[in-house]
Amino acid sequence: MEARPNLVQTVWGAFFLREDTYTGMRDDTQRIKRALTLIIVVGLLVGVTGAIGRLAEWAFAPPIDRVQETVLNHLMQMSWYAGVSGNPRALATFNQWYNLGWQIAKALAPSPWALLGVITTPLSFLIVWFIYGLLAHLAARIMGGQGSVGQTLACTALAVAPQLLSLVMVLPGAVAAGVGTWTLVCNFMAVRSAHGLTGWRALVATLLPLVLAILVGAGFACAGITVAGAALASLGGAQ
Amino acid sequence: MISELVALARGVLTFDSATFAAHVASRDTLKRGLLLIGVIALLAGLFPFLAGIVGSFRSPEAEIAEAQRQFEQQMQQQMQFNPGWQDPQVRRMFQEISSQVFAMIQDIVQLRPNVSFLPHWLDRLLQVFGVWLSTPLVWLGAWAWYALWVMLFAKLLGGGATLERMLGATSLFVVPHVLNLLTGLLALMGRIPMAGACFGALSALIGLIAGVWGVAIYVKATAAANEFSIGKATLATILPALLFLLLAIVVAIAVVIGIVVAAGGSR
């Protein structure tokens, strides 16, 4: 009997699309345990490095309240501001939009809360893996796949390997490009290996959950825009 | 390992069919391909990275002042020759806003960071490292995304490549981009007053050569991976680009129609 590959070998093989890594995971009796370990370890690594990177960005950045104050001071020195400040209604509208813009900026700016990423990153990896795995399993079954849920989940867990590219984000200014594309490639390999599907059928089964996610996301975005539009309109009407 | 890679690069650059076939058939095709992309992307970004290291020790105030000087110089030229800038009121307003914006940036740069003992240069140095180390990932993302589309079209044209073989083969396009090491250096020399324009033109020419050479290798690699003709490989290589172009044109037309309709409706 062949020895089971360790975590590093598994990640390495998954990243380089080694067929034997995917089939090995599919046929392993302890596949779910290995899948969970893999996702948690990769999630923790990415979470810790990401948190360090965001924390460094926060440490080097000036306090955002001071930036907001400085920007306002300069805006107030511009000639157009005199026109705005002379009109109470225009000034109120300006302040409303200015503060809203800064609230959004503050929500997106790095902060010490980034340390929460150590917990939220592995958790989000687990949730995404579980939902994607189940949907991919359903799609693969529809396409004529033969694998079990456990086999699909075990193989799709290997698609977490490209997330290790995100380790570069420990440095401020770094971007982890290509992670999404490579994850898609690994998921394709996973679905094909777990279900023994042909290329085209595996491609459809891999993409179906993503198409569904995009549709659901677009639906939520439309609903969000409608609600936000209505809220802004009511705010405008109140003045 | 290095001699192996050098031999591979030589065979690829000379379009040696045996080299392509051996690379595609190898078990390590993808590993070698990714290694090539990583190494060459880092080399291509080497000189901008070194310049960035030097630049990170410059004072940010001096850099902003330099940017302001260049901006004002360009705007002076615009105001002299562009009929749209002849209105004195528009000029005055623009000058007032731009000088306030630069003053604002100067003030923001002078604010102490959240962890006040951290020097500005350390942030900039780390960012330079971050951008440099991200270069292979950016190349990887763009290459993999395009290769998937090419593979899709190659399959439709009857190609028989596996995913691993296709990715491994097309990664060879990166080999001529080792010339980008030179373009990076020439781009730096382009900052030299007077002679800079010549270096800039030479850099663009070398970049163009590397690009065209890379596309030719891409076609050859696609043919080798799919075991079909160069004609079909060319078609599979350019079809995704044509598709994206077509999509961009359709989106642009839709946006223009949307703006026209919106403008018509608001009247």
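Chain B has a mean pLDDT of 90, with 99% of its residues at 70 or more, where pLDDT is the predictor's confidence in each residue, from 0 to 100. This is a predicted model, in which local features need pLDDT of at least 70 and side-chain atom pairs count only at pLDDT 80 or more, while totals for chains, interfaces and linings use all residues. Residues are numbered from 1 along each chain as its sequence is written, and chains are lettered from A and ligands numbered from 1 in the order in which they are written. The scores are ipTM 0.82 and pTM 0.84.

Let me take the pair H5 and H6 to begin with. Helix H5 (residues 60-81) of chain B packs with helix H6 (residues 88-110) of chain B at an angle of about 170°, the axes being 10 Å apart, and that makes H5(B) roughly antiparallel to H6(B), a term for angles over 145 degrees. Among the elements of chain B, H5(B) has the lowest mean pLDDT, 84, whereas helix H7 (residues 120-156) of chain B has the highest, 94.

Now to H9 and H10. Helix H9 (residues 180-189) of chain B and helix H10 (residues 196-226) of chain B pack at about 160° with axes 8 Å apart, so H9(B) is roughly antiparallel to H10(B). Their crossing is left-handed, meaning that the near helix is turned anticlockwise from the far one by less than a right angle.

Conventions
Axes fitted to C-alpha atoms, helices over the stretch in contact; angles between N-to-C directions. Helix = DSSP H or I, 4+ residues; strand = E, 2+ residues; numbered from the N terminus. Parallel < 35°, antiparallel > 145°, perpendicular 65-115°, else oblique.
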